[in-house]
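Here's a quick tour for anyone opening this one for the first time. Have a look at the fold, then read on.

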Amino acid sequence: MKRIFYPMLMLFPGVLFAQEIDMDAMAKIRKEGLDNSKVKEIAHQLTDVSGPRLTNSPGFQRAAEWSVGEMKKWGLTNSRIEEWGEFGKGWQVEKSYLAMTKPYYMPFIGIPKAWTSGTSGPIKGEVVVVNIQNEEDLKKYADGKLSGKIVLMKSNVDTDPTFKPDAVRYTTEDLDKMTNSQAFGQGNFTPEQAEKMRTMRSFRSKVDSTLKTQKIKLELAARSGKHGTFYTSNGASYLGKSPLAGPSFEMSPEHAGLITRLVEDGIPVTLEAESATTFYDKKLTTGNVIAEIAGTDPKLKDEVVMLGGHLDSWHSGTGATDNAAGCTVMMEAMRILKASGLKPKRTIRIALWSGEEQGLHGSRNYVKNTFGDPQTMKLLPAHEKLSAYYNIDNGTGRIRGIYLQGNEGPRATFEKWLNSFSDIIDHPTVTSRNTGGTDHQSFDAVGLPGFQFIQDGIEYGTRTHHSNADTYERLVMDDLKQMAVVVAAFVYNTAQMDQKIPRKELPKARGEQGARR
């Protein structure tokens, strides 16, 4: 058995010993993942066949049931949908139509906001453009002036031409800067930025409530996007007993701009629209997709290595890069390990999460139910048995390295693992930085080693993230193949180690003040 051995060198207390890599196993992983890849087939099923995957919607259920069945066919054990608790109502669009009829006819790009009600048939009316940026602006429309109107929220979205490419890969300089940066607070936002975002969301909710009170016919908004791309969001609460919101569309900024310019030039604009939406409130609980490759070492098989990504998506596209890409990679990694005939010492467990887009609900509740509660830091026995969790949720771009989340313990080992794939990982990078906004944070919150891989951005931030352009065509299949091979190697190597991945100091209990659903 060919192996590369790296000297066992301790950098400082708590740092993992670097150890040998089983190169025969790595060769099997490479061959299966690069020569016999199934990423196209998996991605097609999760996107084209399943469709949009809002949690508790029929599309999510189709994807979850297919994933469970497929992994059973591959020979994985304990493949199931494991419920974690109550999420809320499911929702999907049954019909969506929006067009301008005067001063001339033009079909518009748009779709109902999530969890909004339909129009109860076709509607038609003249558009009123309102500019509500603060509380004083809102007071101007508090006397019923908008009752029965089609209301367009004036947008300040930048729609100027862009002279930078949509699709980009990290340069060597980019990765060097990342390597040399210090770890910073949880997530990518400063406290000031996070507070600004919360304030903005709260104000938008108040505006929507005011419009609903006035019983407008339809609300239109274009809050971000460019070149026909628009970004979707919640238009109402999905919680079981929350009141229904009136009909509301998000639309292309260019079409919103057309309406605004006409109205401000004194030219009346008439729109016609129809939306039909369905709420699924008979079953408010939901679950995550779980499956395993059982460990084989009598002393280590009860310990677990986890990998995952979130299965839910937004509804204007088919959630290809956010995050069918991650689920495709993680499922393919499990298939590679099983098809290669490798026998991991520890159990390897995949999780495809629900409710990530509304607040990491699937992973947070799984961690709380399985490992411990971050509010109290009361830990369960399984907490000691987890070695590490690896996550993919940054689009279709290939792996360039890994974020340590401030955990320097495994740095040397991760560097060795990445460097062993330097032929398919250009400039392998390990950074102390934290990265936020996805499911590894749920593990980190209770002191478990949770890691997100560094990925090339491709079009994630410029075109596909939460947008109507997030479809199968935006997937780079060669990148998905590379990711699946690297992930399979990481989880297998983790499963074979003499020790578990080192941990940071346990965080303090958050208490009720820091509690999140």
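Tyr390, Phe414, Trp417, Phe451, Phe453 and Phe490 make up one aromatic cluster. Rings of Phe, Tyr and Trp (its six-membered ring) pair if their centres lie within 6.5 Å, and planes under 30 degrees apart count as stacked, over 60 as edge-to-face and the rest as tilted. This is a predicted model, where local features need pLDDT of at least 70 and side-chain atom pairs count only at pLDDT 80 or more, while totals for chains, interfaces and linings use all residues. Residues are numbered from 1 along each chain as its sequence is written, and side-chain values use heavy atoms, leaving out hydrogens and water.

The structure holds 19 aromatic pairs. Here are two of them:

| Pair | Centre to centre | Between the planes | Type |
|---|---|---|---|
| Phe87 and Trp115 | 6.3 Å | 50° | tilted |
| Phe371 and Phe443 | 6.0 Å | 50° | tilted |

Phe87 sits in the loop between β3 and β4 and Trp115 in the loop between β6 and β7, so this pair ties together parts that are 28 residues apart in sequence. Phe371, in the loop between α9 and β17, and Phe443, in helix α11, are 72 residues apart. Phe87 and Trp115 are buried, and both Phe371 and Phe443 are buried too. Buried here means under 20% relative accessible area, with exposed over 50% and partly exposed in between (1.4 Å probe, protein chains only).

Now for strand β16, residues 347–353. Helices (H or I, at least four residues) and strands (E, at least two) are DSSP runs, numbered from the N terminus. Seven of the seven residues of β16 are buried, so the strand is largely enclosed by the rest of the structure. Thr347, Arg349, Ala351 and Trp353 point one way, while Ile348, Ile350 and Leu352 point the other.

What joins β14 to β16? Five bridges do, and the two strands run antiparallel; Ala291 stands opposite Ile350. Two strands count as paired if DSSP finds at least two bridges between them.

Elsewhere, an open sheet of eight strands runs β5-β4-β13-β7-β8-β9-β12-β6, with mixed pairing. β5 and β6 stand at the edges with a single partner strand each, so one side of each is left without a neighbour in the sheet. Within the sheet, three bridges join β8 to β9 in parallel, and Leu152 has Leu220 as its bridge partner.

Finally, 18 of the 20 residues of helix α13 are buried.
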